Amino acid sequence: MGLASLLDIRPGVTAVIGGGGKTTLLRTLGGELGADGKHVLVCTTTKILPFPDLPCARTSAELEMLREKHRLVCAGTPVPGTEKLTAPELSMAQLAAMFDYVLAEADGAARRPLKAHAPHEPVIPPEANQVICVVGASGFGQPIARAAHRPERYAALAGVPETAEATPRTEAAVLRAEKLGGLIYVNQAETPQARENARVLARLLERPVLAGSLQREEYFLCW
């Protein structure tokens, strides 16, 4: 079974949030869905760097032109003074009408494996019919101050100091407190300890959690 099926990716808009592999997840899902003959767009509701191996549209006219030639494209509006892109010119509803699948990165994590969200985050479009929250297993065992983006908020939601270690228990507390819904994907589960941490997280949340390694293309379901 492919990753898109394991994550229940449906036609329309999917929002990807969290830390520890969002961009890689978008690229992996886009490649899989595009290989099935679907028209797929990867984009953002916040800010991302262009995907270096994908054709990327920076205007609506470019997007229409690229869509005619490619199954998988990225799109966004240039952020002045940076190499980053923000949301495309077209609305999410318009994009969903153009593409079979729209995969949108809906928050940032400053390359940290774990994430707590500020009040204005994540920027999940109302059109999204699925939300995937990525948890980086490499953050477990590290001090929250180093492992988490917005560590002060993460620690407050978990009820521990920032100097405490991030664990499946602190992550479960943050996820429960944020009540963002959607599916949980634990990435970077490449060692026996990381896989066990994913299982512990699933038990604490009392819900299924998909875990695995995007790098190795290995996935398993935790209960």
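## Charges

In the charge count used here, Lys and Arg are positive and Asp and Glu are negative, while His and the chain ends are left out. Each charge is placed at NZ of Lys, CZ of Arg, CG of Asp or CD of Glu. The protein has 24 positive and 24 negative charges, and their mean positions are 4 Å apart.

## Basis of the model

This is a predicted model, in which local features need pLDDT of at least 70, side-chain atom pairs count only at pLDDT 80 or more, and totals for chains, interfaces and linings use all residues. Residues are numbered from 1 along each chain as its sequence is written, and side-chain values use heavy atoms, without hydrogens or water.

## Overall build

The protein has eight helices and 13 strands. These are DSSP runs numbered from the N terminus: helices are H or I with at least four residues, strands are E with at least two. The C-alpha atoms fill a box of roughly 50 × 40 × 30 Å along the principal axes. For 223 residues, a compact globule would have a radius of gyration near 17 Å, and the protein agrees with 17 Å. That radius is taken over C-alpha atoms, and the globule rule is 2.2 Å times the number of residues to the power 0.38.

Buried residues make up 49% of the 223. Buried means under 20% relative accessible area, exposed means over 50%, and partly exposed lies in between (1.4 Å probe, protein chains only). The protein exposes about 10,200 Å², with carbon and sulfur atoms supplying 51% of it. Areas come from the Shrake-Rupley method with a 1.4 Å probe; for residues, only the protein chains shown count as cover. Contact means heavy atoms within 4.5 Å. Among contacts between residues at least 6 apart in sequence, 68% join residues at least 24 apart.

An open sheet of nine strands runs in the order 3-4-2-7-1-9-11-12-13, with mixed pairing. Strand 3 (56-57) and strand 13 (218-222) stand at the edges with a single partner strand each, so one side of each has no neighbour in the sheet. Two strands pair here if DSSP finds at least two bridges between them. Strands of a sheet pair through backbone hydrogen bonds, either parallel or antiparallel.

Strand 7 (residues 101-105) has five of its five residues buried. Y101, L103 and E105 lie on one side. V102 and A104 lie on the other. Strand 1 (residues 12-18) runs parallel to strand 7, joined by five bridges; A15 has A104 as its bridge partner. Strand 2 (residues 40-44) is also parallel to strand 7, with five bridges, and L41 is partnered by V102. Strand 2 joins strand 4 (residues 72-75) as well, through three bridges and in parallel. There, V40 stands opposite L72.

A57 sits in strand 3. At 1% relative accessibility, A57 is buried. Leaving aside neighbours within four places in sequence, A57 contacts E62, L63, L66, C74, A75 and G76. The C-alpha atoms of A57 and R67 are 9.3 Å apart, with the two residues 10 apart along the chain.

## Helix 7

Helix 7 (residues 168-178) is largely enclosed by the rest of the structure, because eight of its 11 residues are buried. These are P168, T170, E171, A172, A173, V174, L175 and E178. They pack against strand 8 (114-115), strand 9 (128-136), helix 6 (151-158), strand 11 (183-187) and helix 8 (192-205). Just after the helix, K179 takes a positive phi of about 50 degrees.

## Backbone exceptions

Most residues other than glycine have a negative phi, and most peptide bonds are trans. D8 is not a glycine, yet has a positive phi of about 55 degrees. D8 lies in the loop between helix 1 (3-6) and strand 1 and is partly exposed, with a relative accessible area of 35%. A110 has a positive phi of about 50 degrees and is not a glycine either. A110 is in the loop between strand 7 and strand 8. With a relative accessible area of 54%, A110 is exposed.

The peptide bond from E121 to P122 is cis, with omega near -20 degrees. P122 belongs to the loop between strand 8 and strand 9.
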